[in-house]
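Me: Please show me the model, and let us then go through the terms used to describe it.

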Amino acid sequence: MDLVPNKQPNFDNTEIAFRQKTNQELKKAYWLFKLIGNNFLTKVGPAITNFFLNIGLPIQGAIKATIFQQFCGGETIAECNKAIEQLDKGGVGTILDYSVEGEEEEHVFDETCAEIIRTIVRADGDAKIPITVFKITGIGRFALLQKLDAKETLTAAEEAEYEKVKQRCEMICKTAFEKGVPVMIDAEETWIQNTIDELALDMMRKFNRKQIIVYNTYQMYRHDKLADMKADHLIAKTDGFILGVKIVRGAYMEKERKRAAEMGYPSPIQPDKEASDRDYNESLRYCVDHIEEIAIVAGTHNEDSCRLLTYLLEEKNIAHNHPHVYFSQLLGMSDNLSFNLADSNYNVAKYVPYGPIKAVMPYLFRRAQENTSVAGQTGRELGLIERELKRRKL
């Protein structure tokens, strides 16, 4: 760990941002973001693609060579090796993210649990993979979690089913503990989140006594999550464990607002973007103020929040590569943040999703839609790529 913080990152430096990309890869990324920027394609594309995949048209090769290649590491852990090595050349770590979702059967949950454990075993002893991740809905049925959150009485069969979910969760976190590889539990919809939060706190109580192993995720586009995080910190202090906090803005806004309106309860989402930004940045300040008791992963594509965290570390004279501070972005997005932060010696790790193409399509569609719905995201990506193409005289 460096005792003296070094230079501040320049997020406009496209040479560092795209150093790992060949001219051909850069040109491909340019045309891909051009296509993503087309709202018609982003809206209609998912339905057309799913239809073609379901009737067996051979379009998987085209998907794999374009959008899949930009945002995913491969179909298997072994196929992710190229992305892992490429990121490492720029000083950026990999978070292997098995992105199969929406399953319902017990045998699939067991298989997913085994695959998540394989990501932890793959990360063991490899500094290129500093953190791992999983979703509770990858190892348990959504409707069961929803029933638990609603405090409904479970049948005997459902009780047994939930025991299995808890066992899978513990098996994953115990493996992470034994291998010394931190694992993040992703946030999901509000109507299953309380159950996820309780599980995450239980895992932290067991495995975060001496070092950071388990992180929970706090979505700051929810108006109650800053208060929840502070309350969890008090629990951690009282119970004597390190609180693992992954801070994100959030991923289910449209769905959350729609459900609240349909069911007639107050929306859990902040009234506006400014409120989300305020709580996100306040959470960064709070975590840095308690850096020995809280470990943070700042999951953000927001340049202002990244810059704020660098300033807060500087202000408190905290080393750039303090083990309790990570920046995180998604593969294929915001390389200007990831690689310039890494170049200034901050801990950075990118989510590298992988899985069979058909199973990963929901993830890819969300990424494409996110790029068009987040104000200026596609334009920013395109502008940076254009500047680098110009700098390379291409």
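This is a predicted model: local features need pLDDT of at least 70, side-chain atom pairs count only at pLDDT 80 or more; totals for chains, interfaces and linings use all residues.

Reply: Residues are numbered from 1 along each chain as its sequence is written, and side-chain values use heavy atoms, with hydrogens and water left out.

Me: Why are α8 and α9 called roughly perpendicular to each other?

Reply: The axes of α8 (residues 142–149) and α9 (residues 156–179) cross at roughly 105°. Angles of 65 to 115 degrees count as roughly perpendicular, and α8 and α9 therefore receive that description.

Me: What makes the count of disulfides zero?

Reply: A disulfide is a pair of cysteine sulfur atoms within 2.5 Å. The sulfur of Cys-169 is 4.5 Å from that of Cys-173, its closest cysteine sulfur, which is too far for a bond. By this rule the count is zero.

Me: Why is the pair of Phe-33 and Phe-71 called edge-to-face?

Reply: Rings of Phe, Tyr and Trp (its six-membered ring) pair if their centres lie within 6.5 Å, and planes over 60 degrees apart count as edge-to-face, under 30 as stacked and the rest as tilted. The centres of Phe-33 and Phe-71 are 6.1 Å apart with planes at 90°, so the pair is edge-to-face.

Me: How do you know that Tyr-98 is partly exposed?

Reply: Buried means under 20% relative accessible area, exposed over 50%, and partly exposed in between (1.4 Å probe, protein chains only). Tyr-98 has 22% relative accessibility and so counts as partly exposed, whereas Tyr-354, at 0%, is buried.

Methods: Axes are lines fitted to C-alpha atoms, for helices over the stretch in contact, and angles run from 0 to 180 degrees between N-to-C directions. Helices (H or I, at least four residues) and strands (E, at least two) are DSSP runs, numbered from the N terminus. Angles under 35 degrees count as roughly parallel, over 145 as roughly antiparallel, 65 to 115 as roughly perpendicular and the rest as oblique.
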